[in-house]
Amino acid sequence: MEKKPYYITTAIPYTSSKPHIGNSYELVFTDAVARFKRMQGYDVCFQTGTDEHGQKIENKAKEQGITPKEHVDRIVADIQNDYRLLNISYDRFLRTTDEMHERVIQKIFKKLYEQGDIYKSSYEGKYCVECESFFTDSQLVDGNCPDCGRPVKLEKEEAYFLRLSKYQKQLEDHIEANPDFIYPESRKKEMLNNFIKPGLQDLCVSRSTFTWGIPVDFDPGHVVYVWIDALSNYITGIGYDPDGSSDDYKKYWPGIHIIGKDIVRFHTIYWPVILMALGEPLPKQVFGHPWLLSGADKMSKSRGNVIYAKDLVETFGADAVRYYVLSEMPFAHDGTISYENIIERYNTDLANTLGNLVNRTVAMVNKYFGGTLPCNTASEELDNEFKETILSCVPASVKLLDEFKMADSIEVVMNAAKRCNKYIDETAPWALAKDEAKKDRLSTVLYNLLEGIRIVTLALSHVMPDTATAICKQINTDVTDYESLFAFGGYKLGTAVGEATPLFARIDAEKLLAELEAEYKKQQEAAARKAEIAGVAKIGIEDFAKVDLRVAKIVDCEPVKKAKKLLKLTVNDGCANRTVASGIAKWYKPEDLVGKSIILVSNLKPAVLCGIESQGMILAADCGEDDVKVIFVDGMPEGAKVR
């Protein structure tokens, strides 16, 4: 039987800077959906990628003195590393700098122009570089960008425009006829009432004031603007081409988009109009998820509240991070993330509820039956209620997952895990083990627990894939198909369980938070030093050429009686001896220095320090708090010029 296709995508992140865990949430969410659909038997295509063109990227590259392509290559490497860390199982990764994508975008732009859906004009308006968007005065908030709050600037340029207004009625009709097209309901109402019904204005789709973009091939002074370029990745990545699309495109499109609530407008107005103009089907659904906040604020480098996936994974492990972000985020409201909250949920849900359940169940099977249960026949009324509770979690969690209510779906399954722990307390296996006549009953209880663990594990495998593998290894089951979730009894009697190995070691919150605080302070100090260096005035090569650096050898050294910080050095610069006073007495004794070669600033004007005429300065490095090291160059000849 041929598998039913299921195409799901994330919004491709903009590669101006390294993404944070708030960006990664969307990937983990989409990955969890894709994994679950694969388990259900769908032919899943999960596509993600990167948006790599635009003025902001061009500006960032100029600041670093590199090309835009070099800049995006670095950021993409960081993004893909996060994907590996978080175990993201994407099928396709598209970069908007890919040659295939750029070629098809030029065809799309030309097709829309030739059929009259794109026309040339000029634009004057307030532009936000950060958001790559133009705004009218009425849309600004206190004169700033309504989306990110940054200042905007007035820009005027020749540009091409997409006739959004031409498709307004068609778009409204589609949204009304397909109530789940924009999801959840609150996002749909926002789009209809705030943007569509008041009247759509034609959209600027080219830029002529910068060059980092896909050239408009019939008008080289223009580059394709982000909306046609980035949004079209959803179809170019699976083989769309105006001259003839691939079999994959015909199989997978239309698909489902998982995006942040801040870009719903682009995906439910601009993108559908582009597709209508191309004569292509619209997406099945656009799900605008809420934000993962740090405290009460959206994560932002300017706010200093950014948390990165790499740091979280190194501290808690990939599955724990995946579990937290998916279980913490409500369906339609913003979630929060902090180290304190992660630790609390880690200890309660993962260490206590799930980890402890698996560990003590496997340990009891090994202790009381040598690892293999002999029977499953001594059932009681309590067992029926237990089985019903465990099995009922499956359809309930599946229904919630199909509605993208991920946190609610996880909660249903974790409640089943809690029921397993309660079942242990109710049946008291340790007491049954003391009575030889109750061995069959003990075997049945432990079998029910193993089967409960199997079902809970598979029902969470899309959330914590590595943990699911580890649990299946411990209980030694290969019954992991989707259908086996709906009937109690899939665990095979006579199976020898593995070793009871802790899955999640309980975290000492106070200790870990203290360590994280110390590391944070260390990073802040390093950043301050870096900022201090960055703030030093830049000089030209002609200024540097005025400084004469020479190798000199210390031939004598003595302390200065009137100054505890100073040492009086006699150095030979290859021509003659000279005296240098240096404030390094705290770190060096005279005998540590005599015979050493150093770098001398030989043309520094003489200065009198504590009665000593100092005829130069030696180079030393500030190596951190209260630590100075002289730069030694032993083995180099005196008088050699340092360039």
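**Entry 1: strands E6 and E8, and their sheet**

I began with strands E6 and E8, which run antiparallel and are joined by two bridges; two strands count as paired if DSSP finds at least two bridges between them. Helices (H or I, at least four residues) and strands (E, at least two) are DSSP runs, numbered from the N terminus. I noted that the model is a predicted one, in which local features need pLDDT of at least 70 and side-chain atom pairs count only at pLDDT 80 or more, while totals for chains, interfaces and linings use all residues. Residues are numbered from 1 along each chain as its sequence is written, and side-chain values use heavy atoms, with hydrogens and water left out.

Which residue of E8 is the bridge partner of Leu162? I found that it is Leu203. Strand E4 (residues 118-128) pairs with E6 in the antiparallel sense over ten bridges. Along this pairing I looked up two positions: Lys120 stands opposite Tyr160 in E6, and Tyr127 stands opposite Lys153 in E6.

I next looked up the aromatic pairs, which are rings of Phe, Tyr and Trp (its six-membered ring) with centres within 6.5 Å, where planes under 30 degrees apart count as stacked, over 60 as edge-to-face and the rest as tilted. The structure holds 34 aromatic pairs. The rings of Tyr83 and Tyr90 have centres 5.8 Å apart and planes at 65°, so I recorded this pair as edge-to-face. For accessibility I used relative accessible area, with buried meaning under 20%, exposed over 50% and partly exposed in between (1.4 Å probe, protein chains only). Tyr83, at 3% relative accessibility, counts as buried, whereas Tyr90 is partly exposed with a relative accessible area of 30%.

Tyr160 and Phe218 also form an edge-to-face pair, with 5.9 Å from centre to centre and 85° between the planes. Because Tyr160 lies in strand E6 (residues 153-162) and Phe218 in the loop between strand E10 (214-215) and strand E11 (223-224), the pair ties together parts that are 58 residues apart in sequence. Tyr160 counts as buried at 3% relative accessibility, and Phe218 as partly exposed at 29%. I also wrote down one aromatic cluster, formed by Tyr7, Tyr234, Tyr252, Trp253 and Trp271.

Arg207 lies over the face of Tyr127, at 4.2 Å from the ring centre, and Lys439 lies over the face of Phe369, at 5.1 Å from the ring centre.

Which residues of helix H5 (residues 168-177) are buried? I listed Gln168, Leu171, Glu172 and Ile175. Seen down the axis of H5, these buried residues fall within an arc of 100°, so they line one face of the helix; the arc is that of the directions from the helix axis to the C-beta atoms. They pack against strand E7 (182-183), helix H6 (185-196) and helix H10 (264-278), where contact means heavy atoms within 4.5 Å. The face of H5 turned away from its buried side carries the exposed residues Lys169 and Ala177.

For helix H12 (residues 318-328) I found that eleven of the eleven residues are buried, so the helix is largely enclosed by the rest of the structure. Among them are Asp319, Arg322 and Glu328.

In helix H1 (residues 21-40) I looked up Lys37, which is buried with a relative accessible area of 10%. Leaving aside neighbours within four places in sequence, Lys37 is in contact with Tyr6, Tyr42, Val44 and Asp402.

**Entry 2: the whole protein**

Last, I counted 21 helices and 26 strands in the protein. Buried residues make up 50% of its 643 residues. Of the contacts with a separation of 6 or more, 74% are between residues 24 or more positions apart. The C-alpha atoms fill a box of roughly 100 × 80 × 45 Å, taken along the principal axes.

Definitions and conventions
A charge sits over a ring if NZ of Lys or CZ of Arg is within 6 Å of the ring centre and within 35 degrees of the ring normal.
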